[in-house]
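Good morning. Please have a look at the chain on the screen, and then I will go through a few of its residues.

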Amino acid sequence: MRFANESEREFAALLDFYQIEWLYEPRTFPIRWDENGKVVERFAPDFYLPDLELYVELTTLKQKLVRKKNRKLRRLRELYPDIRIKL
């Protein structure tokens, strides 16, 4: 499987070690639309853990990425309050 970065590969290996079922980027959530209703921004969490009904988003410690992910996470929680997700 191709991951976006080494952190994702290591996280998947940990999940496998502990025999936790996971899916990689199984769903994309629209989080912003233009004035015509066309989706202009989406968010695809990195992992979904079906047994826990939990999405997990990984990020590196680059401040630019952290801010961007936090903004997307806040928006996702506003639009989809029943979705469980951790950064």
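Tyr24 is buried, since its relative accessible area is 17%, and buried means under 20% relative accessible area, exposed over 50% and partly exposed in between, with a 1.4 Å probe and protein chains only. Before I go on: this is a predicted model, in which local features need pLDDT of at least 70 and side-chain atom pairs count only at pLDDT 80 or more, while totals for chains, interfaces and linings use all residues. Residues are numbered from 1 along each chain as its sequence is written, and side-chain values use heavy atoms, with hydrogens and water left out.

Tyr24 sits in strand β1. Helices (H or I, at least four residues) and strands (E, at least two) are DSSP runs, numbered from the N terminus. Which residues does Tyr24 touch, not counting those up to four places away in sequence? They are Met1, Arg2, Phe3, Ala4, Glu8, Asp46 and Phe47; contact means heavy atoms within 4.5 Å.

The side chains of Tyr24 and Glu8 are joined by a polar contact of 2.4 Å. A polar contact is a pair of N or O atoms within 3.5 Å; within protein, one must be able to donate a hydrogen and the other to accept it, and residues adjacent in sequence count only if both atoms are side-chain atoms. The Tyr24 side chain also reaches the backbone nitrogen of Ala4, at 3.3 Å.

Glu8 is buried yet has no salt bridge, meaning a side-chain nitrogen of Lys or Arg within 4 Å of a carboxyl oxygen of Asp or Glu. The nearest side chain of opposite charge, Lys69, is 5.8 Å away; Lys and Arg count as positive and Asp and Glu as negative, while His and the chain ends are not counted.

In α1, the residues Glu8, Ala12 and Leu15 are buried. Why are they on the same side of α1? Because they cover an arc of only 60° around the axis, the arc being that of the directions from the helix axis to the C-beta atoms. What covers the buried residues of α1 includes β1 (23–24) and β4 (47–49).

At the N-terminal end, α1 is capped by Asn5, with a side-chain oxygen 3.0 Å from the backbone nitrogen of Ser7. Just after α1, Gln19 has a positive phi of about 55°.

Finally, the whole chain: there are 2 helices and 6 strands, running α-β-β-β-β-β-α-β from the N terminus on.
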